[in-house]
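User: I would like to learn how to read the packing in a model of this kind, one feature at a time. Could you take me through it?

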Amino acid sequence: MTTHADQTTPFVPRFDAPESQGRKLAIICSKGNLDMAYPGLILANAALGEGVETHLFFTFWGFDMINKKTSGDLKFTMLGNTATHLPQGLGGIPGMTHLATSQMKKAIADLDVPEVPEFLDQIVGSGGHLWACRMSADMQHLTEGDLRDDVEGIISASDFIELTEGAQLLFI
Amino acid sequence: MPTTTIAGQAVEVNDEGFLTRPDQWSDDLGTELARLIGIELTADHWKLVRFLRDDFAHQGETATLRRVSTQTGTPIKSLFDLFPGKPAKKMAYVAGLPKPKGCV
């Protein structure tokens, strides 16, 4: 048994240890499927909760996560996803994507995990930064008005690389 | 389990320093735990600490940041203002509870 009882300094968790200061995380969100939206959101949220400066860069289909028209309406499909372990033909039946999406949304809600727009609210409330990709915006003919108000800007890939200097990076 | 002396009281802690016996906690100890991590507890802090204690007693696990926010009606940003840097862990520490296990 270890005892710290005889020490004058209490044993306290090192929440603000200097070696953990200044850590940065950049997450590139390139997918617009419901199931592929969550990994980035969960990791961003976890990083912010650990005091890590976190930037999310939305590109290509990831734009659906921050487009006001689609953000709350991402879908999950069985098609092309062998991990459902069901015959692929089932996925093509009309209404199947709707059903699969509803089931996944319910499973997520049962864990008290928010839907995508509310999750992004929480990430921004925690100090996270949202950025949109310039080329994707141009391709999809979208402007800042089409995106969530808390997206800090539509920026080029070079700008993103510059502002995340020294960051750890995740591509999803 | 290691023990450490906080506010003149010997308490059991884990290898990170979190209290391992919720029954060893008291308001006075909570005040001292907060002071040790650089937080002076206000009424707003206490409201959250009391929720955590009460919720742990009923649920058997420490509330995540999201649960604290939704159940107490406190915006996430305020939680970060009150317990800067690592709010979920700091709150749990002050309340004498294990750090939360949930991901969100």
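User: Let us start with the two chains: how many residues of chain A are in contact with chain B?

Analyst: Bear in mind that this is a predicted model. In it, 22 residues of chain A are in contact with 28 residues of chain B. On the side of chain A that touches chain B, α1 and α4 each supply at least two residues, and α1(A) gives the most, with four residues.

User: How do the residues on that side of chain A divide by class?

Analyst: The side of chain A that touches chain B divides into nine nonpolar, 10 polar and three charged residues.

User: How should I describe two packed helices?

Analyst: Two packed helices are described by the angle between their axes together with the distance between those axes. Here the axes of α1(A) and α4(A) come within 10 Å and cross at roughly 20°. Angles under 35 degrees count as roughly parallel, and α1(A) and α4(A) are therefore roughly parallel to each other. The crossing of α1(A) and α4(A) is left-handed.

User: Which residues make the contact between α1(A) and α4(A), and what is its make-up by class?

Analyst: From α1(A) the contact draws on A:A37, A:L41, A:A44, A:N45 and A:L48, while α4(A) brings A:V116, A:F119, A:Q122 and A:I123. By class, the contact of α1(A) with α4(A) has seven nonpolar residues, two polar ones and no charged ones.

User: Where is the largest nonpolar core, and which elements give residues to it?

Analyst: The largest nonpolar core has 35 residues, and those with the most contacts inside it are A:L56, A:F57, A:F58, A:I66 and A:A132. The elements of chain A that give two or more residues to this core are β1 (24–29), α1 (34–49), β2 (53–58), α4 (116–125) and β3 (129–133). Among the elements, α1(A) gives the most to this core, with six residues.

User: Taking A:L56 as an example, which residues does A:L56 touch?

Analyst: Leaving aside residues up to four places away in sequence, A:L56 touches A:I27, A:C29, A:G40, A:A44, A:G128, A:H129, A:L130 and A:W131. There is also a second, separate core of 24 residues, which includes B:L33, B:A92, B:V94 and B:A95.

User: Finally, is B:W46 buried or partly exposed?

Analyst: A residue counts as buried if 20 or more other C-beta atoms lie within 10 Å of its own, and as exposed if 12 or fewer do. B:W46, which is found in helix α2 (residues 43–59) of chain B, has 15 other C-beta atoms within 10 Å and is therefore partly exposed. The C-alpha atoms of B:W46 and B:M91 are separated by 9.9 Å, although the two residues are 45 residues apart along the chain.

Conventions: Residues are numbered from 1 along each chain as its sequence is written. Chains are lettered from A and ligands numbered from 1 in the order in which they are written. This is a predicted model: local features need pLDDT of at least 70, side-chain atom pairs count only at pLDDT 80 or more; totals for chains, interfaces and linings use all residues. A nonpolar core is a set of buried Ala, Val, Leu, Ile, Met, Phe, Trp, Tyr and Cys residues joined through C-beta atoms within 7 Å. Two residues are in contact if their C-beta atoms, placed from the backbone, lie within 7 Å. Axes are lines fitted to C-alpha atoms, for helices over the stretch in contact, and angles run from 0 to 180 degrees between N-to-C directions. Angles under 35 degrees count as roughly parallel, over 145 as roughly antiparallel, 65 to 115 as roughly perpendicular and the rest as oblique. A crossing is left-handed if the near helix is turned anticlockwise from the far one by less than a right angle, and right-handed if clockwise. Ala, Val, Leu, Ile, Met, Phe, Trp, Tyr, Cys and Pro count as nonpolar, Asp, Glu, Lys and Arg as charged, and the others, Gly among them, as polar.
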